[in-house]
Structure formats: C-alpha cells, structure tokens
Amino acid sequence: MDSTPLYSAEQIVVPSELAQILKDFTKDVIRAQPRDIYEYSRQYFANLARTKGRISKHQLVKFRFEKEREKNVKEKKTSVANTKEAIRAACERVKISKEVQDSILNQMKDLTASMWDEFLVLGATLLGEDAVSCLHILFEVYAASVPAPPSPAAGSTHITPASTPSSTVVAVSGGRASITKEDCLIILKMLAKHDPMLSDSFLHSVDSSISSKMISFDDLIRIPIVRGTLKPAYH
C-alpha cells in the first residue's frame, strides 16, 4: 500500500472505475438496509471481486425482462435450438459475455420453455456462495420491476429496441423482496436440478407451506423444511 503523503491535488489520481463502483455500492446498501453494514460490505465486494467480468445481478434483472418479452411475443412452442438462440440474443442485448453464456448453457438440464428460468438460476449460482445466497439474489431479481415503455404515437411505425435501460429498473433488495408463489416454486425446481438436497418431497412440502399468492425471501427462509434443509449461513 502506498503511504506517500499527499501535498497537492496534482498527486491525487482517481481510478476511472471508482465513481461507478461507489455509486453502485451506495445504491445497493440504501436499497438493502442491512443490519450489519460491515458484513454486508464484505460480502458485496467479495462477490464483486469473484464475478468481475462475468455476470452481475443487474444483468440478471435485465435478462429476466428479456424473458418476459419473449414470452409475450412467442406464445407457441419453439424448438430447443430456437430457444437457445433467443437466449443468446437476449444475452447480447444485456451484455452477458459469450464465455458466461457457454458456461451456463452447457450446464442446463431442462431443455424446455423453462430454460429461461434455469439460465437465471445458474447465473445466480455464479454470484451466490451457497443455496441461500443464490435464493436471496433470485428473489431480488424476480422482485425487480420496470415501468412499461410508452406506447408509440398513433400511426407511428417506430419500433422500440428490445432492451431495458438501466435507469428504468427498480430493484427490491433484502428480505423484503417478494415474488409470486409460482415463480418461487419454479426457482426451487430449477435449483433442485443442480442441488441433490432439494428433493421432490422438499419441493412438495414447500408448495404445501405457502398459502398466499406472494411470498417474501424472509417468509420462505422461515419455513421449517427450508431452514432445516438449506441451513442458512446468514440472514
């Protein structure tokens, strides 16, 4: 570490990435409102260092909106090859590298319409340290919202590009993040394909334990079989 005294402004060199790093970190802390800001900061920067140049939570949020667009545009069944092509196109739009695309697609086990959800789950495993942290990330990703794009003026032929500007994404962080029961079960089903701890009986028990249409991350972790099976390391 350089301990040279600074006597003038000319000696101060601010790394070009610093402003964006601090901005992203500050926004994440304000959204999450962590109980222990020091531990939260440690985890945040550890994840950032581990995943630098790979994939980010923000990219997963934007990818999820690409998935929703695709679902709305294509209601008929498509082949596995076409679905993979659509996933790769969505990755290009949200700037997920080809290296990450290949890594995730090669791990996929569900070659159906659920490939989009499995991609999100496998993407979260690149960020999370364990099943609990992956679930936490996925709840934040699925709970994020984005304002609907404005409708084109009458008679206009302009087509809005299929992209989600980062400024429009509204994230919900921390245990408050709530998603639909359906999405929760889809996430767990996709995780179960890659985690032997999550058996069919586990999935059935979780399904039976959720009585409302929406569930928060906090409430999911409080379910006895979830807490007992996943043994959360934090939260």
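Modeller: The secondary structure of this protein comes to 11 helices and 2 strands, where helices (H or I, at least four residues) and strands (E, at least two) are DSSP runs numbered from the N terminus. This is a predicted model, in which local features need pLDDT of at least 70 and side-chain atom pairs count only at pLDDT 80 or more, while totals for chains, interfaces and linings use all residues. Residues are numbered from 1 along each chain as its sequence is written, and side-chain values use heavy atoms, with hydrogens and water left out.

Colleague: Why is lysine 67 called buried?

Modeller: Lysine 67, which lies in helix H3 (residues 57–73), has a relative accessible area of 10%. Buried means under 20% relative accessible area, exposed over 50%, and partly exposed in between (1.4 Å probe, protein chains only), so at 10% lysine 67 counts as buried.

Colleague: What makes the pairing of the side chains of lysine 67 and aspartate 117 a polar contact?

Modeller: The two side chains come to 2.9 Å, and a polar contact is a pair of N or O atoms within 3.5 Å, where, within protein, one must be able to donate a hydrogen and the other to accept it, and residues adjacent in sequence count only if both atoms are side-chain atoms. Leaving aside neighbours within four places in sequence, lysine 67 is in contact (heavy atoms within 4.5 Å) with Trp116, Asp117, Leu120 and Tyr142.

Colleague: Is leucine 126 buried or exposed, and how do you know that?

Modeller: Leucine 126 is found in the loop between helix H6 (115–125) and helix H7 (131–143), and because its relative accessibility is 13%, it counts as buried. The C-alpha atoms of leucine 126 and arginine 54 are separated by 8.3 Å, although these residues are 72 residues apart along the chain.

Colleague: How do you know that the buried residues of H4 are on the same side?

Modeller: In H4, Thr83, Ala86, Ile87, Ala90 and Cys91 are buried. They cover an arc of only 140° around the axis, which puts them on the same side of H4; the arc is that of the directions from the helix axis to the C-beta atoms. In general, an α-helix has 3.6 residues a turn, so residues three or four places apart point the same way. The face of H4 turned away from its buried side carries the exposed residues Ala81, Glu85 and Glu92.

Colleague: What span is expected for H4?

Modeller: The expected span is 1.5 Å times one less than the number of residues. Helix H4 (residues 80–93) has 14 residues, and its reach of 20 Å from first C-alpha to last is close to the expected 20 Å.
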